[in-house]
Amino acid sequence: MGSMERPEQHPDHVEQIQAAWRRERPDLDVSPLAVIGRLHRLAARLTAELTLVYQRYGLGEGEFDVLAALRRAGAPYERAPGELAAHTMVTTGAMTKRIDRLERAGLVARRPAEDDRRGRVVALTDAGLRLIDEAFTAHLRNEHRLLGHLSPEEAAALQHLLTAWQSRLDGSTDTGRNA
């Protein structure tokens, strides 16, 4: 048996859904469910596994993302709120709420921007820097654990496929509005 084949077992959840749709709508090709359905279920499972680590550090997924974006900025570990929103792909309103929570916890501080008196920046505090360094180390251990269910070759192939697919989707002008 090749490493990509499934051992003989009962149909998984996605296969059961496909079978039901084939029965109810034999006129439709439901084969995309095999990939999209599994990716959707896998994404939910991975999110649950990742957030367990964040919770150990008193963080939600959003707070972890903000602290990580600040840490990736390099010393002095600060960004403008709009820049943080862009780096974490949330609205500025959602970012404000995240920053408020982190500020109350003493993990970030707001201060005026040095180059723009009207602007503000958000910076990691010493406590925030220590926490994100510890949390990120645990996060990477967790990601290695999760990827450990694949061989190195499988992980590399999956990375290649997902990168190609993402690139093609990002370059596509078809947004699915006609569906």
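## R110 on strand β2

At 24% relative accessibility, R110 counts as partly exposed, a class that lies between buried (under 20% relative accessible area) and exposed (over 50%), with a 1.4 Å probe and protein chains only. R110 sits in strand β2, residues 108–112; strands here are DSSP runs of E with at least two residues, helices are runs of H or I with at least four, and both are numbered from the N terminus.

Which residues does R110 touch, leaving aside those up to four places away in sequence? They are T96, I99, D100, E103, R120, V121 and V122, where a contact means heavy atoms within 4.5 Å. R110 and V122 are twelve residues apart in sequence, and their C-alpha atoms are 4.6 Å apart in space.

## About the model

This is a predicted model, in which local features need pLDDT of at least 70, side-chain atom pairs count only at pLDDT 80 or more, and totals for chains, interfaces and linings use all residues. Residues are numbered from 1 along each chain as its sequence is written, and side-chain values use heavy atoms, with hydrogens and water left out.

## The chain as a whole

The chain holds seven helices and three strands, and from the N terminus on their order is α-α-α-β-α-α-β-β-α-α. Of its 179 residues, 26% count as buried. Looking at contacts between residues at least 6 apart in sequence, 47% join residues at least 24 apart.

## The largest nonpolar core

A nonpolar core here is a set of buried Ala, Val, Leu, Ile, Met, Phe, Trp, Tyr and Cys residues joined through side-chain atoms within 4.5 Å. The largest one has 26 residues, and L59, L67, L84 and V108 touch the most other members. Two or more residues each come from α2 (32–56), α3, α4, α5 (92–104), β3 (120–124) and α6 (126–147). Helix α3 gives the largest share, six residues.

Let's look at L67: not counting residues up to four places away in sequence, L67 touches L59, L102, L107, V108, L124, L131 and I132.

## Where α3 meets α4

Helix α3 (residues 61–72) and helix α4 (residues 81–88) pack at an angle of about 110 degrees, with their axes 10 Å apart. The two helices are therefore roughly perpendicular to each other, a label for angles of 65 to 115 degrees. Axes are lines fitted to C-alpha atoms over the stretch in contact, and angles run from 0 to 180 degrees between N-to-C directions.

On the α3 side, the contact is made by D65, V66, A69, L70 and R72, and on the α4 side by L84, H87 and T88.

Methods: Parallel < 35°, antiparallel > 145°, perpendicular 65-115°, else oblique.
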